[in-house]
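Here are my notes on the model, point by point. Please read them with the structure open.

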Amino acid sequence: MSEYGTVVSTPDSPCTRKFSFVIKKDAIVRKGQFVEVAIEGGRLIGRVADVFKTNRYFERPESVERYENSRPMEDIFPVGNWEYLVAEVAPLGVYGSEGRFEEVSFPPSPGAKVNEPERFVLLKFLGFDEKGLEIGELPFHDVKVRLNLTRMLQKHLAILAISGAGKSYLVSVILEELLRRKKEEGQLATVIIDTHGEYVSLADDPNYTDKVNVIRGDEIKIGLSNLSAQQISEFMPNLSHVQAREFSRLLRSMKSGKKHFGIEELMKTIEEDEKTKAVTKEVLNSVLVELTETGLFDATDKPSVRELAQQGKVSIIDLSSFVSSTQKQMIVSHVARNLFNLRREESIPPFLLVLEEAHQFVPEGAKAERAMSRGIIQTIAREGRKFHASLCLISQRPVQLSTTVLSQCNTHIILRVTNPYDLDHIGESSEGITRDVLNQISGLRVGTGLIVGEAVNYPIFVRVRKRISKESSKGMPLEEAAREFANRVKQKKEDAKSFM
Ligand SMILES: Nc1ncnc2c1ncn2[C@@H]1O[C@H](COP(=O)(O)OP(=O)(O)OP(=O)(O)O)[C@@H](O)[C@H]1O
Ligand SMILES: [Mg+2]
């Protein structure tokens with residue numbers, strides 16, 4: 001435990017809200033670092049809010065100006081000996097003598113020694129779990145950030161940042177941690193909606209290949225016979241109430257007769273039904289033609305959601321081949337609803353659904369009422385906790401992400417965000433973020449983030465650890481992509497020549 005310095009007395013400190021200490025000559029203290037100081041009844045833990053320099057010789061502008069006119073001050077006075085580094089600390093809490101944490105109700109004394117906090121105290125104080133998910137390390141301290149699984153995921157996680165700040169990289173690190181867990185530590189079934197096909201490379205990594213299952217978007221089929229009335233109205237938002245009811249009735253009657261059926265059979269049944277009015281038939285028919293054209297529907301679900309949700313494994317749903325946002329939403333809605341329903345019946349393990357580009361699937365705003373996947377994701381956000389159905393939402397546009405859903409995500413990991421509207425939105429929906437911390441978010445470097453909420457006792461910054469698995473080529477630098485393209489063209493030409 002090294003000593004950092006000594007508490008000094010200033011006109012308005014030390015008090016319970018702040019104190020300052022003069023930093024020892026050989027000690028290194030930086031903004032953001034944690035410190036401890038003994039107080040009555042325990043040890044006070046605080047965070048360095050700022051570091052500044054003082055020098056008495058330079059306090060009075062008029063004398064500095066006068067002296068400097070004749071000779072440089074350092075030739076006249078020993079100014080170098082009078083420069084001091086002072087750290088201002090924001091107290092966070094007190095580690096009491098009985099090992100409990102309490103609020104700061106008493107200040108440290110001027111003259112008290114400020115030290116580097118002991119490791120075990122810091123771990124306990126911040127709420128880390130030695131057996132948790134190791135996502136990185138605490139800046140300035142030799143402490144790994146290991147977050148408790150329940151605290152981090154049970155009440156959902158949101159990862160927010162501008163494009164290129166390291167969101168998907170962090171998700172890959174989290175996946176590695178989930179896949180590393182042993183049976184006795186509790187394993188989740190993880191399903192990722194991979195909108196850009198970035199995670200697919202995980203399956204090629206020999207360390208992970210047998211735990212990863214990739215499903216290409218065009219392999220996915222939604223079983224018509226499994227659709228509920230609710231889903232029908234979601235998938236066919238243009239139907240009137242009456243038409244939707246009529247459709248449900250027809251579907252129900254078909255289900256009672258046959259286990260599996262496709263769209264053609266359904267269309268035929270509607271055509272032949274005597275109770276349905278001709279206009280309704282026409283509308284239903286045209287809607288079903290539209291659905292057929294998506295190529296997404298079939299007699300049964302493929303793959304079944306049970307296959308997707310396997311304990312200790314990751315299923316990656318690669319939607320990179322889809323252009324249509326409606327079709328992507330249909331798949332997300334289908335997968336999410338089935339996962340949630342099966343989880344409620346406890347027929348699948350506790351799961352984590354990771355949603356990239358979450359603002360596309362759960363948008364904010366009235367118009368977004370029509371976003372097909374919004375309802376079910378909101379339901380999981382609200383009720384999932386009780387059933388161990390967790391969400392991890394990733395977005396580069398927090399402003400466009402449903403506020404309801406964002407506020408249900410009790411842990412936020414925020415990497416670099418620069419847009420002032422997004423920053424305000426984050427400030428409003430994340431508890432415990434002060435203005436000062438919020439301001440630091442826009443200056444974060446790639447791979448550094450702020451964790452706030454349920455997973456930690458206090459907001460902390462984290463340096464995301466290096467991933468073990470190989471990165472997808474989707475993130476390669478521009479130069480490399482350009483070179484690779486040129487090489488490929490060259491190779492093709494050579495191949496063509498040798499063929500002639
Ligand atoms: N913790 C990290 N350590 C080292 N490199 C990182 C780290 N995080 C991100 N990077 C680098 O930054 C690049 C961008 O990261 P990433 O693809 O995760 O960004 P993103 O936030 O998901 O962006 P987008 O919103 O465009 O999807 C990656 O290719 C990676 O090389
Ligand atoms: Mg990404």
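1. A residue is buried if 20 or more other C-beta atoms lie within 10 Å of its own, exposed if 12 or fewer, and partly exposed in between, with C-beta atoms placed from the backbone. L266 has 23 C-beta neighbours inside 10 Å, so L266 counts as buried.

2. Ground rules. This is a predicted model, in which local features need pLDDT of at least 70, side-chain atom pairs count only at pLDDT 80 or more, and totals for chains, interfaces and linings use all residues. Residues are numbered from 1 along each chain as its sequence is written, while chains are lettered from A and ligands numbered from 1 in the order in which they are written.

3. Confidence. pLDDT is the predictor's confidence in each residue, from 0 to 100. The protein chain has a mean pLDDT of 90, and 98% of its residues reach 70 or more. Helices (H or I, at least four residues) and strands (E, at least two) are DSSP runs, numbered from the N terminus. Among these elements, helix α6 (residues 229–235) has the lowest mean pLDDT, 75. Strand β16 (residues 351–355) has the highest, 98.

4. Domains. Bounds come from an automatic or database domain assignment. That assignment gives domain 1 (3–122), domain 2 (146–218 + 309–475) and domain 3 (223–298). The centres of domain 1 and domain 3, taken over C-alpha atoms, are separated by 72 Å.

5. Two strands pair if DSSP finds at least two bridges between them. Strand β3 (residues 34–39) runs antiparallel to strand β4 (residues 42–55), with 6 bridges. F34 has R47 of β4 as its bridge partner. The two strands form a hairpin with 2 residues between them. In the turn, G41 has a positive phi of about 85 degrees. On to strand β5 (residues 83–96): 13 bridges join it to β4, again in the antiparallel sense. I45 is partnered by G93 in β5.

6. The 11-stranded sheet. What is the strand order of the open sheet of 11 strands? The order is β9-β8-β20-β19-β18-β10-β17-β16-β11-β15-β12, with mixed pairing. β9 (144–147) and β12 (212–216) stand at the edges, each with a single partner strand, so one side of each has no neighbour in the sheet. Axes are lines fitted to C-alpha atoms, for helices over the stretch in contact, and angles run from 0 to 180 degrees between N-to-C directions. From one strand to the next, the twist averages 25 degrees. Within the sheet, strand β19 (residues 448–453) and strand β20 (residues 460–464) run antiparallel, joined by 4 bridges. L450 stands opposite F461 in β20.

7. Helix α11 on the sheet. Contact is used here for residues whose C-beta atoms, placed from the backbone, lie within 7 Å. Helix α11 (residues 325–344) packs on the sheet and touches β11 (189–194), β15 (314–318), β16 and β17 (389–395). The directions of α11 and β16 make about 165 degrees. R337 sits in helix α11. Is R337 buried or exposed? R337 counts as buried, because 23 C-beta neighbours lie inside 10 Å. Not counting residues up to four places away in sequence, R337 touches Q231 and I376.

8. Helix packing. Helix α8 (residues 263–272) and helix α9 (residues 278–294) have axes that come within 10 Å and cross at roughly 175 degrees. Angles under 35 degrees count as roughly parallel, over 145 as roughly antiparallel, 65 to 115 as roughly perpendicular and the rest as oblique. α8 and α9 are therefore roughly antiparallel to each other. Residues in that contact include I263, L266 and M267 of α8 and K281, L284 and L288 of α9. The axes of helix α7 (residues 241–257) and α9 also come within 10 Å, crossing at roughly 80 degrees. That makes α7 roughly perpendicular to α9. Here Q243, E246 and F247 in α7 meet T280, V283 and L284 in α9.

9. Back to L266. This residue is found in helix α8. Leaving aside neighbours within four places in sequence, L266 is in contact with L224, M254, F261 and L288.

10. Backbone points to check. The S13 to P14 peptide bond is cis, with omega near 0 degrees. P14 is in the loop between β1 (3–8) and β2 (19–23). K302 and P303 are also joined by a cis peptide bond, with omega about -15 degrees. F140 is not a glycine, yet has a positive phi of about 75 degrees. F140 lies in the loop between β8 (133–137) and β9.

Key. Two residues are in contact if their C-beta atoms, placed from the backbone, lie within 7 Å.
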